[in-house]
Amino acid sequence: MILESFGLEKYMDELTDIANYQLRIMKYEKPKTNEQTMMAPAHCDQNMMTLLYQDEVNGLEIQNKDGEWMNMKLSPSSFIVIIGECLSVWLNGRLSSPYHRVMMKGNEDRYSLGLFSTVREGYIVKVPTELVDEKNPMLFKPHDHEEFLKIFSSEMAKADFKSEVVVSRLKAYCSV
Ligand SMILES: O=C(O)CCC(=O)C(=O)O
Ligand SMILES: [Fe+2]
């Protein structure tokens, strides 16, 4: 759908071939106090795309363009699709990657299921020429996403993750 909307259908096979998937089940234990508690700090996903499912215990919040946090109250049969920074870069910034976090209140544990798609090692993520013209200069240099992730995870391992703002790391890494 995204590729079609930008007239980039010819990249479908290439993006399918180079995709790597990781399925993760995440458990968030109920907060220890009655206060609204941040269980996953605000961040943008660094991968291509995330397909997310949360159980009846809500908690996912997405920031809108006005900077307000919106609680995603999804029906139990809904999935949410999150554009990752890597896809945003590949699209030369045409779509942005939403800033999101997990906030919880109450006395129930929360489970979510995420299918994270990324690109395989050695693949150079490069903005398609179709998205670059005089009005739309190339915003990002080609980059090896695995190389970026290695640097990113070592930075994250050293950082105090709870207070770290994980946003636009990739864009800073490969901006022109
Ligand atoms: O559990 C959730 O709803 C969100 C998890 C998330 O944002 C992530 O793992 O990147
Ligand atoms: Fe995320």
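Which residues are around ligand 1?

I am working from a predicted model, in which local features need pLDDT of at least 70, side-chain atom pairs count only at pLDDT 80 or more, and totals for chains, interfaces and linings use all residues. Residues are numbered from 1 along each chain as its sequence is written, while chains are lettered from A and ligands numbered from 1 in the order in which they are written.

Around ligand 1 I list M26, A40, D45, L52, Q54, L60, H100, V102, S112 and G114, where near means a C-beta atom, placed from the backbone, within 6 Å. I sorted this shell into five nonpolar, four polar and one charged residue; Asp, Glu, Lys and Arg count as charged, Ala, Val, Leu, Ile, Met, Phe, Trp, Tyr, Cys and Pro as nonpolar, and the others, Gly among them, as polar. At least two shell residues each come from β3 (49–54), β7 (100–104) and β8 (110–119). Strands are DSSP runs of E, at least two residues, and helices are runs of H or I, at least four, numbered from the N terminus.

β1 runs antiparallel to β8, joined by 10 bridges, and pairing requires at least two DSSP bridges. Q22 stands opposite F116 in β8.

I noted a positive phi of about 55° at N92, which is not a glycine. N92 sits in the loop between α3 (85–90) and β7. N92 counts as partly exposed because it has 18 C-beta neighbours inside 10 Å.

Note on methods
A residue is buried if 20 or more other C-beta atoms lie within 10 Å of its own, exposed if 12 or fewer, and partly exposed in between; C-beta atoms are placed from the backbone.
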